[in-house]
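Student: Could we go through this structure together? I'd like to ask things as they come up.
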Amino acid sequence: MNLDGLTPAPSQVWGAIRLVPLLRAQPLTDLRLHREVYEQTPYGVVRLNDGTAYTSYIPHGLVASFTRDGGPAVAYGTQIVEPDRPVRCCPVRFHRRMVRRGDRGRVRFFPLHLAMEGYLALHFGGPSVIWEEWSQRAVRQGLSPRTEQAYTGGEVEGLRDALRIFEIHPGQCGVLVYAADALAAAFVVPHPDDYRVLHATLLQDMYGELIHHYAVYGGPVPEFTARLDAGGVRSLDDLRAAARAQEREWAAFHDSTMAAGLPDETYTYDRQRRMGRYDLVRFRPPFERQREQHIGEAITGRDGRLAYLKTFRLSENQVRRGHLLTTLAAHDWHIGAAAEAFGCTHEELVRRIGRLGFGELVQQHVRDHAHRRGGA
Amino acid sequence: MDTRANLVAAEDVLFFVNAAITSTGQREFRSDAAEQRMSLQFLHAYVQGNYRELYAATLALDINDHNAALIIHRLLADTAGISPGQRRTEGRLIARRLAAMPPQRVYRLFARLRTAKVNNRRTRAIMRDWLAARPDPAFDAVKYRSGVKTAARHAHLPTRGELGDFLFAPRARTRYDHPLLDTYRRARYTQAALYELPFTVAEGFAAKHRIPRRVFLDRIAPGMTRLERLRLQESAREARAGEVAADLGRMPLTRLASYVLALPLDTRAARRAELTAALRTAARRAAGDRAGTWGPTAAVLDDSFSTAGSTQKRRRPLAVALAAHYLLAALAPRHRTLWTSGRTDELLLYPYGPTPLGLRILDALEPAPERLVIVSDGWDNAPPGLAGEVLRAWRERLDPEERTAVVHLNPVYDADAFDVHRLSPAVPTAGIRDAEDLPALVELAAFATGRTGPAELRAHLDRRVARFLEDPR
């Protein structure tokens, strides 16, 4: 996965938050945000009705009236659908206080503690082979309800203001959010109009505790200001060339250095759905420790072009948990085999499962046994 | 040592003047009202404490009324240890400034003085003199009733006779000899009487008598002030009160620009000829006898998303830029405007996109104009800092003899930096509140480069003070 076709424009900085706009020279017109989403915005559906056929996508957690009865429903998992086909969603009933006046005419995401759980459940199904150690609960319900700690964008220091004062570029189709220059989230859509509709929803997105802490303690990050070498300038054209060179330098620096942690070939990609020219993939990292890693969803074209991308940055603790779960999954959830892979004993692995917060999944007597053997 | 201190003083005062021109203590795009106020309070306390003389002298400059009121308040509240000469100058400056301020602001200042319990002899004398100079006390008593009452109480003014009864014992008389006071009394019972009252007062009575908005607006229209008329243009149109329609060309330029930018795009397109003509007329009037006297001029004007201002100052930075465009076109026959977004139809502008100031400045410098005016909040972000670099390189390498005079005018006060955001040390930056002040600011901006010494600045201030005090305006 790469950002081909997307050019980073100069970043805009507010406090510890750096937002890097991504521009598309040619917007994709045959994949657009679902019309239900447009219907609730002031932009209306007018912009979509240019007669061309297109496929729709719906970001995970987006609330719109997808159902027949017109009540609000939340999309479960990012989807690509033919227009006017039913959407996989759960109807939701909002508490009266949650539907505030300001929310009308604004695209809205589901409250994120719920969306987050669903998200992780999507990625980790739970034991596929029922070894005797796994508890009934783990077998029946998998890892859900699995809660991960996450913060909404509103809780991330400075993000609200950074998004409010951000000046959207013409042709902008995405943004990279950095907190204290750590990549917090990548967000790409196919069309600039979609981006305008979804820009403010970045605030309702979830961010891991790493990003939350970086934003609080990271302090203001510097602007990458332009530097011109006036020495060789003899005419206005020289000056203009020097200014253009600055833009190219920034783009190269950003792609090679700042966005180096984006998903690469070590990631696991699961194709969820294929529709028209587009594939919906869900990806997860190799869960190597001490490395920047993201989970997320993407829609890519047949030609490899990235149409949609949304990532969530994992914290070190989450990476450890992911590492454990993927290793278990790789060994068909057999604890003995997994322990061998980890190079530890059966009991040590059970204790580690408990420490990382999955204790509930293991039968009580197995846990007790491991504890006794551990002498703790 | 002494010259160094002087330089610092000159710099501080310029900071302060920029703040006092731009900030109104209201919310801006990047900072909220509380931040603006706190920042402004600090600057006021700092300048007053260190350079009291200069602090008072800034009253003679084109600072906004909010800051003028703050300065007067602080000068009156703190009188300890100043020489009689300084006291006299301050008194004259204050009196002169109060005379130039809109009365509602002065009454609000008096009320604040009362809340702060500032009631020294000088304050009372200044209030008394200002009230005595009001052309029609009865009119004030009707239009600014609570203001007059507060001022009269606070300054211990004798209010005998009719006016005293009107303010403090309204039921004591069954009729008044003064026609306006009597109209006010009758307006409680007679609908016809309220149309002789000032608009703001009549509005209350109209609500009391449940007069339909359209009828009320049509009949009160001749009594409206110019700005009331402008303010009510659109709501009167909705109420279909045709009488309120005004000759827009008579309106102040920046206000008119604000009005135009508040209209929906379709309306602007439909009324293009009328609006353009009005803006041109207002600009020609603002240019006065300077019209057509400037050489080839270029302007880089900011219409990026940040010119949306705030809910309190809606599209103010963009309005200033739009007004500047028309004013410059009136001042310089050969003028070219470049908007940062690259749009060319200035009537259909709205805040949009990033601020690629650097590249636009390059375009503007191409034909080597005599003067380059930049109106922007100075947050150059595409890429950041390019404007400053371009201007520096241009000055160093291509135009060391300064054939092109560059000036940056900034309508937004940056609360964190205690100054307006600057583009480059090579280019003077000055705060701007109304585009009408642009010619004066362009001339004054020379001080802001720091190349002009503090002695010149002081001399300039003295000249301005002298002119301000003798101006019989």
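Student: Which residues are buried in α8(A)?
Tutor: This is a predicted model, and in it the buried residues of α8(A) are Gln318(A), Arg321(A), Gly322(A), Leu324(A), Leu325(A) and Leu328(A). They cover an arc of only 160° around the axis, which puts them on the same side of α8(A).
Student: Ok, and what covers the buried residues of α8(A)?
Tutor: The covering elements include three from chain A, namely β16 (278–284), α9 (335–342) and α10 (346–358).
Student: What span should the 15 residues of α8(A) have?
Tutor: At 1.5 Å a residue, helix α8 (residues 316–330) of chain A should span 21 Å, and because its end C-alpha atoms are 21 Å apart, the two values agree. Just after α8(A) comes Asp332(A), with a positive phi of about 55°.
Student: Switching to chain B, at what angle do α4(B) and α5(B) pack?
Tutor: Helix α4 (residues 65–77) and helix α5 (residues 84–100) of chain B pack at an angle of about 145°, and their axes are 11 Å apart; the crossing of α4(B) and α5(B) is left-handed.
Student: And which residues meet there?
Tutor: From α4(B) come Ala68(B), Ile72(B) and Leu75(B), which meet Glu90(B), Ile94(B) and Arg97(B) of α5(B). The residues of this contact divide into four nonpolar, no polar and two charged.
Student: Last topic: how many residues does each chain give to the contact of A with B?
Tutor: Chain A contributes 23 residues and chain B contributes 27 residues. On the side of chain A that touches chain B, helix α7 (residues 236–258) of chain A gives the most, with seven residues, and that side of chain A divides into 14 nonpolar, four polar and five charged residues.

Terms used
Residues are numbered from 1 along each chain as its sequence is written. Chains are lettered from A and ligands numbered from 1 in the order in which they are written. This is a predicted model: local features need pLDDT of at least 70, side-chain atom pairs count only at pLDDT 80 or more; totals for chains, interfaces and linings use all residues. Two residues are in contact if their C-beta atoms, placed from the backbone, lie within 7 Å. Helices (H or I, at least four residues) and strands (E, at least two) are DSSP runs, numbered from the N terminus. Ala, Val, Leu, Ile, Met, Phe, Trp, Tyr, Cys and Pro count as nonpolar, Asp, Glu, Lys and Arg as charged, and the others, Gly among them, as polar. Axes are lines fitted to C-alpha atoms, for helices over the stretch in contact, and angles run from 0 to 180 degrees between N-to-C directions. A crossing is left-handed if the near helix is turned anticlockwise from the far one by less than a right angle, and right-handed if clockwise. The expected span of a helix is 1.5 Å times one less than its number of residues. A residue is buried if 20 or more other C-beta atoms lie within 10 Å of its own, exposed if 12 or fewer, and partly exposed in between; C-beta atoms are placed from the backbone. The arc is that of the directions from the helix axis to the C-beta atoms.
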